Amino acid sequence: MPLYLLVTLALLSLASYYLGKRRAISIVGGQMRQLHSLPSYYGTYAAFWCVLPGLALFVTWVALQPRIIMEIVLFSLPAESRNIPYGELNLLINDIKNLVQGSMVSSTPDPIILAAVEQYHRLEAIGNRVLWIVVLMLTAVGLRYAWNNISPQFRARNRVEQVIGYFLIACSSIAILATIGIVLSVLFESIRFFGKVPISDFLFGLHWSPQTAIRSDQAAASGSFGMIPLFAGTLLISGIAMLVAVPIGLLAAVYLSEYASQKFRAIAKPALEILAGIPTVVYGFFAALSIAPLVRSIGDFLGLHVASESALAAGLVMGIMIIPFISSLSDDVLNAVPQSMRDGSYALGATKSETIKRVLLPAALPGIVGSILLAISRAIGETMIVVMAAGLSANLTANPLQAVTTVTVQIVTLLTGDQEFDSAKTLSAFALGLILFITTLILNIIALHVVRKYREQYE
Amino acid sequence: MSTHSANQDIKTIVNAGLQRRHAAERRFRIYGLAAVCLGLTFVLLMFSSIISKGYPALWQTYIQLSVTFDPQVLDQTSERDVQAWANADYNALTRASLRRQFPQVESRSDLRLLYRLVSPNAQFQLRDLLLENPQFMGSEQQVWVLASSGVDAFIKGHIDRSLDETMRPLKDQEISWIDKLQATGQLEQRFNLEFFQNGDSRDPEQAGIRGALIGSLYTLLVTFLLSFPIGISAAVYLEEFAPKNRWADIIEVNINNLAAVPSIIFGLLGLAVFINFFGLPRSAPLVGGLVLSLMTLPVIIIAGRAALASVPPSIRQAALGMGASKLQMVTHHVLPLAMPGMLTGSIIGMARALGESAPLLMIGMVAFIVDIPKNIFDPATVLPVQIYLWADLPERAFVERTAAAIMVLLAFMIMMNGLAIILRKRFERRW
């Protein structure tokens, strides 16, 4: 069992650490001053050489073994079973996998499949045994090598620190790998999508109706994949959110940093930060069950026709969510303006509000603009509020009382449905994800650039 | 003299505008205060709305039935045969008991309404009771069973008695039965333990958050085990060891961008890479933890770098001066001093990961999972996704359960953020 091998390796690492340490101490007869490094480093060196090669082999083996065994099993199937269309081959593979795991399949299995499963089990058992033997051999060889190297002049600490350094570098590169992974995965699937739907249709089309035919004679088979209505909906809801959040957030930041007493600030600032910590599902629930009916009844009262999933409701709640972003970022920027500028303005006879409006806000403007851009990028990428409170049908409108849908809602609905993965419908979700990623990336870069370039340098 | 009169002119001009300016000042100050109060009102509004909706879910209505474990009705013998007894029809017992309670009910449609008073769960309650106490076979017992969600809604006052019969979900007859049961003390409200012990269910009175809680626990565990070591190591490398060149700048910009990417993109990454390419089990806490750890990694790296940067250089140089190597200096001196800040950042990152639902929707944790997951490979769901699923269901009773689940989620978030703040206050040192 592969898991037991991991446990064995862990125990072996402890044992080799202990052995290496004892070897180092004994080789100098207890005079530890004659050792180059602390004994623990010799122990760690021995443990590294014992375990790390075996571990690396283990990980690659376990990752590749299922695929290789499946290939062998498929290859040894009789010719007619192999030359079946791709879809049926996938089903066959699935059946074999299910039977191997011991779960049931839908129909009584073919004897060919049963034979294949038998072969899979045999190969798996052989593979596991070979894995054990090879890994244990590697640990023995590694321990022997390290044992031979341990001597008083041996620079164990440098070697150990080198290995740890590589580990640190590997961890740092995971962040880069994540970005590359995001870009590649989204790009790869989007390219497949653009092979089925032309890119100009997608970028400039005005109609979003993602239906694709499952059978050739299906009605309403052709789908249109124009992204503009989705983007318009996103901008509408984000626009309403910013209309709510920017005045409230900015004024609140100004009040808390300039006018409020210490006590008031100590209570009000954390209270506003609470809004930032509430999960977005809660906002979505609040929007769908409290705000949307309220907006609807106010609309009925005023004689306007308000959709039950209006953009106004979703935008309002999204604005509430964004208030702490703008307020805390602006608060930081306002506090960074030096007191001398304020004092100079007061000395000239300006009132506090005039100082704020004419001196502080212009001085802090790059930071404030940066925070607004970051807030817009957050609003555009927000998913749960709009999934629960905004509509599903794409509507190209500027009327906040109508139901619109956004890019993120469509991504969720397309990928939590039951379409097969290869169809244009599900692949369009990745294309939408690509557009979303590029947009938020550009906004973030612009925000960073604006803040860096126009930031006032105070002495 | 002309200077004096010029000064007087200036003074009059200035004084004339003073009142206007002071009024503008007062207005501006009021706007600011109003904005802060508006923000605080939103907080209060949300909390009160959720608590008022969710509080009734903590109480659940039970009906007391006198049940005869009649072997003939159960179509069993009196001998204890676990297998056979487990498969018997306990619905027949509840129905018999209800018929005895209300002997005047005759017609088929009325009887159907009568049976609906009790939850479909009641039969399983009786079965479990009998299997635990085999001596009950053949005797009559007073058993408290779950009432159906309709009855529960009525008791909690969600159904208006005064409305016309066609406009409410409960008929007059059902209401008269409920009144009668209440009058005889056979109907009572108890604390809703089912909510914390059961998994998800289609019947609102049985639905609980235990499956979601355990799923959240496993997912957060995987997230923490992956993102904390990797994040701390990356922060240490970037802050202490990396040469300060253009490559380091690019990495820093990259990490800042990653922190601001919408969470749903990580879900797309998880779907395309972890599920389709690597073939990991869909909807397992393992994959959810992998995706969430990718999301939390930039937060931990940024917080870790800030914590490491706040340790003064004198400590590093003193260690180096004593002959320590760079790695020794970092691990023995800088890291322990920066650890409170790193832990604070990590806890806040974990709290964010607890509330995330969008990326987990993408990797399939949106299914209807009834069983409690037993390990990180079993299909599971997390609490925010459970809230999302319940919010979509049409039954009225799910609204209060969703709100109660939100209360549990918010309680956890407040606990985690409070822990981070306490940690920060107690252990952070100001140099």
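1. A salt bridge is taken here to be a side-chain nitrogen of Lys or Arg lying within 4 Å of a carboxyl oxygen of Asp or Glu. By this rule the side chains of A:R378 and A:E382 form such a bridge, at 3.4 Å from N to O. The two partners are placed as follows: A:R378 is partly exposed, at a relative accessible area of 31%, whereas A:E382 is buried, at 4%. Buried stands for under 20% relative accessible area, exposed for over 50%, and partly exposed for values in between (1.4 Å probe, protein chains only).

2. The model is predicted, and local features need pLDDT of at least 70, side-chain atom pairs count only at pLDDT 80 or more, and totals for chains, interfaces and linings use all residues. Residues are numbered from 1 along each chain as its sequence is written, chains are lettered from A and ligands numbered from 1 in the order in which they are written, and side-chain values use heavy atoms, with hydrogens and water left out.

3. The salt-bridge count over all chains comes to 15. One of them joins A:D331 to A:R265, with the closest N and O atoms 3.3 Å apart. Because A:D331 belongs to helix α11 (residues 311–336) of chain A and A:R265 to helix α9 (residues 262–277) of chain A, this pair ties together parts that are 66 residues apart in sequence. Both A:D331 and A:R265 are buried. Helices are DSSP runs (H or I, at least four residues), numbered from the N terminus.

4. In chain B, the side chains of B:R190 and B:E188 meet in a salt bridge at 2.8 Å, N to O; B:R190 is partly exposed at 32% relative accessibility, and B:E188 is partly exposed with a relative accessible area of 32%. A network of salt bridges links B:D152, B:K156, B:E400 and B:R401.

5. Between the chains, 72 residues of chain B are in contact with 76 residues of chain A, contact meaning heavy atoms within 4.5 Å. Together the chains bury about 6300 Å², 78% of it on carbon and sulfur atoms, where buried area is the accessible area (1.4 Å probe) that two parts lose on being put together, summed over both. The rule finds one salt bridge across this interface: A:E354 pairs with B:R21, the closest N and O atoms being 2.7 Å apart. Helix α1 (residues 2–54) of chain B supplies 22 residues, the largest share of the side of chain B that touches chain A.

Conventions. Helix = DSSP H or I, 4+ residues; strand = E, 2+ residues; numbered from the N terminus.
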